[in-house]
Amino acid sequence: MNLESIQRRDLPAILSRMPKAELHIHIEGSLEPELIFEMAGRNGIRLDYASIEDLRAAYAFTDLQSFLDIYYAGAGVLQTEQDFFDMAWSYLNRAKADNVLHAEIFFDPQTHTARGIPFATVIAGLDRAVRRAGEELGVSASLILCFLRHLSEEDAFATLEEALPYRDLFIGVGLDSGERGNPPEKFARVFARCRELGLHIVAHAGEEGPADYIRDALDILKAERIDHGVRCLEDADLVARLARERVPLTVCPLSNVKLAVFREMHDHNLGRLLQAGLAATVNSDDPAYFGGYLNDNYAATFAALPELGAREAYQLARNSFEASFVAEEVKKGWVTALDEYFAGACGGKG
Ligand code: HPA
Ligand code: ZN
């Protein structure tokens, strides 16, 4: 496969058509303003915004917290099992259009149980969409339960208790919400319990928080993947370790620019992460809020960063499959499909 034979002008089409996985998507962050208004209407909820355009205009963020305030408010329209299904079904159809073969989807149960919505309602709607996507769209998907790190560890333990009757419907746990001042060690005991239960472990770290939080997520929580992790480049020893151990980073470029982690896409360090030998992947985080779905993230980064070419496109897609929590044979099948896709794109010169 001669990836160098691929012309730069052909990259946008290749990026959008290549098979890929998405490993960092908060399902509540896929709730589009249109759906927020529709659900508010059918559930009799009054919104603070007069129109869809008004709401969209409020999506001007200065940092992570300014986003989280609007994101948690938007999720307030979700009331019924059908609402959770509709949200996830809409995302999965969108993922299919971006040639996503597999998605590992975060959900934030505490955002809903704190409003009196039963955990069972949340997971039943999401699970129904995941199953239907497998059957009707040919998109494989699984769920990862995220604990909100601005809440207490006790609250996380209570959420885990509520989730245990549905243990078979999610594959792992993560840690999200406001990072600064909420270090990994705050959740050491609940993650230890999750590991005993055989759950996969991921954690947001090094988005706004320091590189030390990435190290602590690995050492204390035993995270298998780091969500974001872009601030690792501030610590050379940590970078060497992440490369040696092939710890995947689920990078979200449009999110990083919208939340001012980088000033503009041109400043993003995705190319440098790959050059350092890190298992970086591209993801959308909260696509309804950050200006685009998975293919939009690929398109924006490759347009802004000249160091990204066909080799990096292949590597990022390959990393996304290899970093997923599926059986090795399944990963191999997807990587073979990716190899065949790129062999075709190289004009069979491979
Ligand atoms: N960081 C932390 N918490 C989140 C995010 C994020 O990017 N998106 C949704 N919850
Ligand atoms: Zn995230």
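Predicted model: local features only at pLDDT ≥ 70, side-chain atom pairs only at ≥ 80, totals over all residues.
What is the geometry of the site of the zinc ion (ligand 2), given its four donor atoms?

**View 1. Donor atoms of the zinc ion (ligand 2).** H24 (NE2), H26 (NE2), H204 (NE2) and D285 (OD) coordinate the ion at 2.1 to 2.2 Å. Donors are N, O and S atoms within 2.8 Å of the metal (3.2 Å for Na, K and Ca); water is not among the atoms, so sites may look incomplete. The angles among the four donor atoms run from 83 to 174°, and the site is irregular. Four donors count as tetrahedral if all angles lie between 85 and 135 degrees; four count as square planar and six as octahedral if opposite donors are over 155 degrees apart and all others between 65 and 115; anything else is irregular.

**View 2. H204 and D285 at the zinc ion (ligand 2).** The donor spacing in sequence is H-x1-H-x177-H-x80-D. H204 in strand β5 (residues 200–205) and D285 in the loop between β8 (279–282) and α14 (287–290) link distant parts of the chain, 81 residues apart. Helices (H or I, at least four residues) and strands (E, at least two) are DSSP runs, numbered from the N terminus.

**View 3. N99, a non-glycine residue with positive phi.** N99, with a phi of about 55°, lies in the loop between α5 (81–97) and β2 (100–107).

Residues are numbered from 1 along each chain as its sequence is written. Side-chain values use heavy atoms, without hydrogens and water.

How values were computed
Chains lettered and ligands numbered in written order.
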